[in-house]
Amino acid sequence: MATPGVEVSEDFKTDDLPQTEEEKEALREELKKTEDEIQTLRQVLVARQKHAQELKRKLGLNPLSEFAQEVNQGLETVKKTQAYQKTSEVVSGTAETVTNKLSDIRNSSIFKSFENKLGSAYNSVSRVSGDVLFSVVETAKMAASTSIDHLAGAARGNGNGDSTSASNATSPKTEQPSSPLS
């Protein structure tokens, strides 16, 4: 009996099922042969894939180079399309227009005036920073020279018997704070 509203697919109908044991046995044997053939084909496929990998290795092909080659082929295919060629023409025309406009701007009097003012400002800053750097270097040289002269004088003072200048140069006078316990 059929259930109302439920249809049975042709694959599930039991009308064409074998009725005798002999028919069932023949179908089982055919199924076994087909599964054996599938297994054999899988083994052959695996062996062929290994052989292909070995050939690729010998040719120096690796997955990255294969990928790059496929990408390049894809790009070549895209470049041959009419859409790409039209887009390329439009982009080239736009780039040429932009280049011409920039050239016009660069040759304008306003741009040249701005360029001169910017160059003058750069030179002023460069000169001032150079002067400041020179001043800092000269001050450092003077301080180092004074310290060296002072130390040299103190060293000479030790050899000449001038103990006051030597003691002043090597050990500055510091007062010890009085201890609350004394």
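Is Arg28 buried, exposed or partly exposed, and at what relative accessibility? Arg28 counts as partly exposed because its relative accessibility is 47%; buried here means under 20% relative accessible area, exposed over 50%, and partly exposed in between (1.4 Å probe, protein chains only).

The model shown is predicted: local features need pLDDT of at least 70, side-chain atom pairs count only at pLDDT 80 or more, and totals for chains, interfaces and linings use all residues. Residues are numbered from 1 along each chain as its sequence is written, and side-chain values use heavy atoms, with hydrogens and water left out.

**Figure 1. Overview of the protein.** The protein has five helices and zero strands, where helices (H or I, at least four residues) and strands (E, at least two) are DSSP runs numbered from the N terminus. Along the sequence the pattern reads α-α-α-α-α. Of the 182 residues, 3% are buried. The accessible surface is about 16,800 Å², and carbon and sulfur atoms account for 59% of that surface. Accessible areas come from the Shrake-Rupley method with a 1.4 Å probe; for residues, only the protein chains shown count as cover.

Figure 2. A salt bridge joins the side chains of Arg28 and Glu25 at 3.5 Å, N to O. The term denotes a side-chain nitrogen of Lys or Arg within 4 Å of a carboxyl oxygen of Asp or Glu, and the structure holds four such bridges. Both residues belong to helix H1 (residues 21-59) and are three residues apart, about one turn of the helix. Glu25 is partly exposed because its relative accessible area is 38%. An α-helix has 3.6 residues a turn, so residues three or four places apart point the same way.

**Figure 3. The end of helix H1.** Glu54 and Arg57 form a salt bridge in which the closest N and O atoms are 2.5 Å apart. These two residues also lie in H1, three residues apart, about one turn of the helix. Glu54 counts as partly exposed at 31% relative accessibility, whereas Arg57 is exposed, with a relative accessible area of 55%. H1 has 39 residues and spans 57 Å from its first C-alpha to its last, close to the 57 Å expected at 1.5 Å a residue; the expected span is 1.5 Å times one less than the number of residues in the helix. Gly60 follows H1 and has a positive phi, near 80°.

Figure 4. Lys56 pairs with Glu66 in a salt bridge, with 3.3 Å between the closest N and O atoms. The pair links distant parts of the chain, Lys56 being in H1 and Glu66 in H2, ten residues apart. Lys56 is partly exposed, with a relative accessible area of 26%. Glu66 is also partly exposed, at 22% relative accessibility.

Figure 5. At the start of H2, a side-chain oxygen of Asn62 comes within 3.1 Å of the backbone nitrogen of Leu64. H2 has 17 residues and reaches 24 Å from its first C-alpha to its last, close to the 24 Å expected at 1.5 Å a residue. Leu64, Phe67, Val71 and Leu75 form a nonpolar patch on the surface, together presenting about 410 Å² of accessible area. Patches consist of residues with over 30% relative accessible area and no salt bridge; like charges are joined within 9 Å, and nonpolar side chains (Val, Leu, Ile, Met, Phe, Trp, Tyr) within 5 Å. Phe67 lies in H2 (residues 63-79) and counts as exposed at 54% relative accessibility.

Terms used: A polar contact is a pair of N or O atoms within 3.5 Å; within protein, one must be able to donate a hydrogen and the other to accept it, and residues adjacent in sequence count only if both atoms are side-chain atoms.
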